[in-house]
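Here are my notebook entries from a look through this model. I started with the place where two chains meet.

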Amino acid sequence: MASVQRLAAVDAASAPNIHARLDGVTRVYPPRAGHAEVHALGPLSLDLRAGEFFSVVGPSGCGKSTLLDVLAGLAVPSAGTVEFEGKRVLGEVPDGVGVVFQEDASFPWLTVDDNVAFGLRRSGVDAAEIKRRVDFAIGFMGLRDFRRAYPSQLSGGMRQRVCIARTLVLQPRLILLDEPFGALDQQTRLLMGDELLRLWRETSATVLLITHALDEANLLSDRIGVMSARPGVFIDIVETGWPRDRDSRLAERPDFGAVTSRLWSFLRGESLRALGQGTAAAAR
Amino acid sequence: MSKAGWIRTVVLVAAVGALEIACRTGAIPATMVVAPSVMVLALVHTLQSDEIGMHLRHTLSAVAIAMSLSIVGGFIIGFILNWVPFLRRAFSPFLAAYYAIPHFAFYPLLIVIFGLGPLPLIVLATLFAMVAMILATMAGLDRVPRVLLKTARIHRLSLLQEIWRVRLPAAAPHILSGLKLAVAYSFIGVIAGEFILSTSGIGHEIAFAYDNFDNKRMYALILFVLAIVTTFNMAVFAWERRMLRRRGA
Ligand SMILES: Nc1ncnc2c1ncn2[C@@H]1O[C@H](COP(=O)(O)OP(=O)(O)OP(=O)(O)O)[C@@H](O)[C@H]1O
Ligand SMILES: [Mg+2]
């Protein structure tokens with residue numbers, strides 16, 4: 001276990017504007033009937049810079065979704081602290097944080113339109129503005145032909161897009177996305193990635209994206225955190241150095257492959273470990 | 001009409017026709033079952049009689065009260081049990097075993113306690129119907145996906161908003177099926193109670209006709225009960241369908 005302590009080199013030297021901060025965070029799920037306690041995460045520290053695109057990759061079950069829960073204030077860390085815009089996050093979701101979950105979270109009893117407008121109703125935003133934002137988000141997510149459909153009439157990927165649109169209309173300053181494109185095919189993923197980049201540039205929001213696709217993480221991110229097998233800690237944080245004005249054509253650059261290779265070199269051993277194939281296999 | 005609807009109609013008409021023929025030819029003696037046409041005629045005759053309206057009123061008002069009590073009470077109790085884990089742990093063994101109890105065996109006891117009016121009937125039917133509503137409400141609330149509750153928190157809903165805008169709509173299909181059961185059980189409770197021991201109501205009239213070998217009147221009344229319950233159920237069913245269609249189901 002100790003061999004993984006090649007810890008995250010978070011550069012405290014150049015201290016840009018920190019948007020959110022995790023400090024020594026761990027999360028332990030208490031024991032339940034027939035189950036011992038599960039140490040799911042950490043101890044882990046991370047400074048999210050204002051306006052950056054940060055991706056998290058890591059083997060299945062390493063605590064990525066747990067990390068997102070803790071950062072959003074949906075789960076209380078067992079140790080350590082979470083800050084958002086300089087204020088402690090304590091068991092409540094701060095204003096300005098938007099989350100898209102890994103699971104389908106569309107409301108089956110609402111149409112696409114009503115799903116997307118859900119957070120704006122009774123929010124004090126006036127009707128014209130609600131309409132403007134909903135129209136934009138629905139167009140942005142390519143759902144224009146399905147505004148009056150119910151989620152049961154949509155594919156898994158479309159439902160996930162509904163959830164993304166529902167988050168966008170709130171205009172969050174920090175957007176947390178948990179494998180939002182998991183149910184999409186590769187071509188659509190690439191296009192959605194480009195759209196996400198465009199949105200990120202236009203809104204100057206900070207984005208944290210959890211993904212299992214290394215190329216996608218590489219393409220979209222300013223920085224990529226590579227997590228170890230459970231309990232997840234960052235074993236590497238890769239700074240890509242890509243220009244802010246980028247899109248999927250970035251993949252044609254000769255230095256693109258090098259980043260993906262670096263991610264994989266860290267991840268291969270961890271993924272094997274997560275599959276329970278032991279350190280012997282990982283060492284090969 | 002749909003294909004399934006046709007099949008249903010054909011089977012029904014064939015069954016009624018077969019019964020009619022069997023009764024007319026004497027294959028089934030009139031002391032056992034009377035012919036459907038005789039039932040209908042007897043029903044028309046019965047409905048024209050003076051006291052049937054009174055019996056009907058007694059039965060339906062008891063059903064209506066038991067139904068409302070069990071639906072509202074069952075929902076509230078189910079909600080509380082779901083919300084307070086230790087209460088749920090305390091009561092769930094009772095709930096699990098509840099429908100294994102022969103409730104009607106306690107009816108004489110209820111009469112001793114509440115007297116011979118409509119009250120013991122209402123209590124019996126409510127006890128019988130309410131637990132179905134409690135169980136359905138709890139099941140519905142249990143099955144609200146956790147990610148929807150997380151979504152409510154992301155939208156910074158207050159507790160009441162969360163319940164009203166997320167929890168209840170998500171649990172609605174289960175709660176609705178409990179409501180349907182509560183309706184059916186209220187009818188069963190009242191009519192069966194009247195049957196056992198009562199001085200009025202449709203159930204009592206059926207039992208009275210039975211005791212007096214008045215087969216025509218007995219079958220006419222059974223047909224009547226069937227018609228009322230079916231109509232009511234179809235109304236509830238149509239309403240449920242409308243609600244569920246709104247989910248594209
Ligand atoms: N509610 C819970 N109760 C107990 N243990 C949990 C709970 N949620 C997650 N865990 C455990 O915590 C660990 C991390 O889970 P998490 O969902 O964060 O993983 P993940 O990295 O998101 O995985 P994936 O890539 O498959 O989505 C897992 O081993 C899981 O068993
Ligand atoms: Mg996950």
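**Entry: salt bridges between the chains.** I looked for salt bridges across the interface of chain B and chain A, and the rule finds one. I counted a side-chain nitrogen of Lys or Arg within 4 Å of a carboxyl oxygen of Asp or Glu. The partners are the side chains of B:Lys150 and A:Asp69, at 2.8 Å from N to O.

**Entry: ground rules.** I am working with a predicted model, where local features need pLDDT of at least 70 and side-chain atom pairs count only at pLDDT 80 or more, while totals for chains, interfaces and linings use all residues; side-chain values use heavy atoms, with hydrogens and water left out. Residues are numbered from 1 along each chain as its sequence is written, chains are lettered from A and ligands numbered from 1 in the order in which they are written.

**Entry: polar contacts.** I then found six residue pairs in polar contact across the interface of chain B and chain A, both residues at pLDDT 80 or more. The rule here is a pair of N or O atoms within 3.5 Å; within protein, one must be able to donate a hydrogen and the other to accept it, and residues adjacent in sequence count only if both atoms are side-chain atoms.

**Entry: who supplies the surface.** On the side of chain B that touches chain A, helix H7 (146-154) and helix H8 (159-196) are the elements that give two or more residues. H7(B) gives the most, with six residues. I took helices (H or I, at least four residues) and strands (E, at least two) as DSSP runs, numbered from the N terminus.

**Entry: extent.** I see 18 residues of chain B in contact (heavy atoms within 4.5 Å) with 27 residues of chain A. Together the two chains bury about 2,100 Å², 59% of it on carbon and sulfur atoms. That is accessible area (1.4 Å probe) lost on being put together, summed over both parts.

**Entry: the magnesium ion.** Which protein atoms are donors of ligand 2? I found A:Ser65 (OG) and A:Gln102 (OE1), lying 2.0 to 2.2 Å from the magnesium ion. A:Ser65 is in helix H1 (residues 64-72) of chain A and A:Gln102 in the loop between strand E6 (97-100) and helix H2 (112-117), so the pair ties together parts 37 residues apart in sequence. Donors are N, O and S atoms within 2.8 Å of the metal (3.2 Å for Na, K and Ca); water is not among the atoms, so sites may look incomplete.

**Entry: chain B overall.** I count ten helices and zero strands in chain B.
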